[in-house]
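I opened my notebook to look up charged contacts and ring contacts. Here is the entry, in the order I went.

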Amino acid sequence: MTRLLTLFAAVLALVLTAGAPGAADGSRIKDITTVQGVRDNQLIGYGLVIGLQGTGDTLRNAPFTEQALKSMLDRMGVAVRGVPLRAQNVAAVTVTATLPPFVGVGSRIDVAVSSIGDATSLRGGTLVVTPLTGGDGQVYAVAQGQVQTSGVNVEGEAAQLTQGVATAGRVPNGALVERRVPGTLVGIDKLVLELNNPDYRTAAKIADAINEYTQRRWGARIAAERDLRTVVLNKPASVGATRFLAEIGQLAVQTDAPARVVVDQATGTVVIGANVRVSTVALAHGNLTLRVAESPTVVQPDPFSYGETAVEPNTFVSAEEEGGKIAIVDGTDLQTLVHGLNRIGLKPTDIISILQTIKTAGALQAELIVQ
């Protein structure tokens with residue numbers, strides 16, 4: 001009897017494990033999608049950072065700092081109207097923060113502080129009470145606290161040392177939420193998942209994975225792909241939205257992505273997607289080098305000629321073109337393509353030029369994005 005119960009428990013465990021979401025390999029739905037309408041909100045405010053060691057705004061060049069300082073002192077009962085201020089330990093800043101969805105009153109969020117005057121550093125300063133407003137003009141949080149910066153700016157009479165950005169910093173947990181953004185998932189029967197990287201095939205796979213799970217879990221197929229960006233879900237009535245999203249969020253899906261090559265010309269970065277293909281092409285890439293050198297010549301006048309010393313410009317210009325190698329690049333897959341480009345011995349800037357030329361020739365079977 002005991003062995004029979006043990007065998008039954010083992011079979012039950014296997015059944016439950018097979019039905020649990022997230023058993024397969026791939027990306028979790030919660031990592032590749034977001035729920036439509038559930039989003040952050042941006043907040044902004046104007047404030048003052050005080051307590052700086054002579055690195056604040058020069059009030060003559062930043063009159064808005066002086067006005068804000070006088071207004072703050074007036075509210076505190078200090079009469080400074082008509083009195084010129086010369087302090088350099090105050091800086092005017094903009095304060096920004098992100099209000100997460102469903103955050104409640106009394107919660108704390110991080111804020112970012114950035115100087116807008118001519119202050120050289122916010123290091124060691126303290127942000128005084130700053131209301132943060134949303135796009136509708138309502139105050140949703142109030143920020144205050146010690147500003148933390150990672151940059152350093154030190155200067156003397158004839159030298160200056162700057163490391164990082166000293167005129168911007170953060171106040172961890174520096175804002176207290178005073179107003180909650182309306183919105184709830186309670187009572188919502190239809191939910192929409194938005195893909196972070198829109199793709200028709202991935203959207204269909206997400207719908208299939210959810211339907212397979214809900215058919216087994218609740219006996220109904222509730223998901224349908226609407227387009228390459230969204231999947232519509234009809235939530236079962238017997239489960240809440242939070243628990244429903246928690247369960248389907250663990251389902252694993254093999255994502256797909258369009259063939260794409262992204263090029264950053266400023267940094268020379270080239271990112272080639274796994275699905276990029278290149279039709280067989282033969283290419284040669286030569287390097288043209290131009291050199292321009294200035295060697296001015298000083299010409300002295302003849303003795304007793306009453307002439308003046310003159311400087312004649314003398315410019316040397318040369319052009320050299322190294323023999324470019326010719327090679328056949330046949331990108332049946334990404335590894336072959338990269339191996340073919342590396343075999344030619346090119347620099348990133350040369351690879352960028354070649355990819356653009358291959359795209360123009362119609363041999364690059366991918367979208368080329370140049371930033």
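Before calling anything partly exposed, I need the cut-offs: under 20% relative accessible area is buried, over 50% is exposed, and partly exposed is what falls in between. I also remind myself that this is a predicted model.

**Salt bridges**

I looked up the total: the structure holds 6 salt bridges. I went through some of them.

I started with Arg170 and Asp110, whose side chains meet in a salt bridge at 3.5 Å, N to O. Arg170 sits in strand β10 (residues 168-177) and Asp110 in strand β5 (residues 108-115), so this pair ties together parts 60 residues apart in sequence. Arg170 comes out at 43% relative accessibility, so I note it as partly exposed. Asp110, at 34%, is partly exposed as well.

Next I checked Arg260 and Glu367, and found their side chains in a salt bridge at 3.3 Å, N to O. This pair links distant parts of the chain: Arg260 is in strand β15 (residues 260-264) and Glu367 is in strand β22 (residues 367-370), 107 residues apart.

Then I turned to Glu66 and Lys70, a salt bridge with its closest N and O atoms 3.4 Å apart. Why are these two about one helical turn apart? Because they are 4 residues apart in helix α3 (residues 63-75). Are they buried or exposed? Glu66 has a relative accessible area of 16%, so I put it down as buried. Lys70 is buried too, at 13%.

**Rings**

I searched the whole structure for aromatic pairs and got 2. Tyr213 and Trp218 make an edge-to-face pair, with 6.1 Å between centres and 90 degrees between planes. Tyr213 is buried at 5% relative accessible area, while Trp218 is partly exposed at 21%.

Trp218 also pairs with Phe244, and this pair is tilted: 5.9 Å centre to centre, 55 degrees between the planes. Trp218 lies in the loop between α4 (200-217) and β12 (223-225), and Phe244 in helix α5 (residues 241-249), so the pair ties together parts 26 residues apart in sequence. Phe244 has 0% relative accessibility, so it goes down as buried. I wrote Tyr213, Trp218 and Phe244 down as a cluster linked by ring pairs.

Notes: Residues numbered from 1 in each chain as written. Predicted model: local features only at pLDDT ≥ 70, side-chain atom pairs only at ≥ 80, totals over all residues. Heavy atoms only, no water. Salt bridge = Lys/Arg side-chain N within 4 Å of Asp/Glu carboxyl O. Buried < 20%, exposed > 50% of the residue type's maximum accessible area, 1.4 Å probe, protein only. Phe/Tyr/Trp six-rings, centres within 6.5 Å; stacked < 30°, edge-to-face > 60°.
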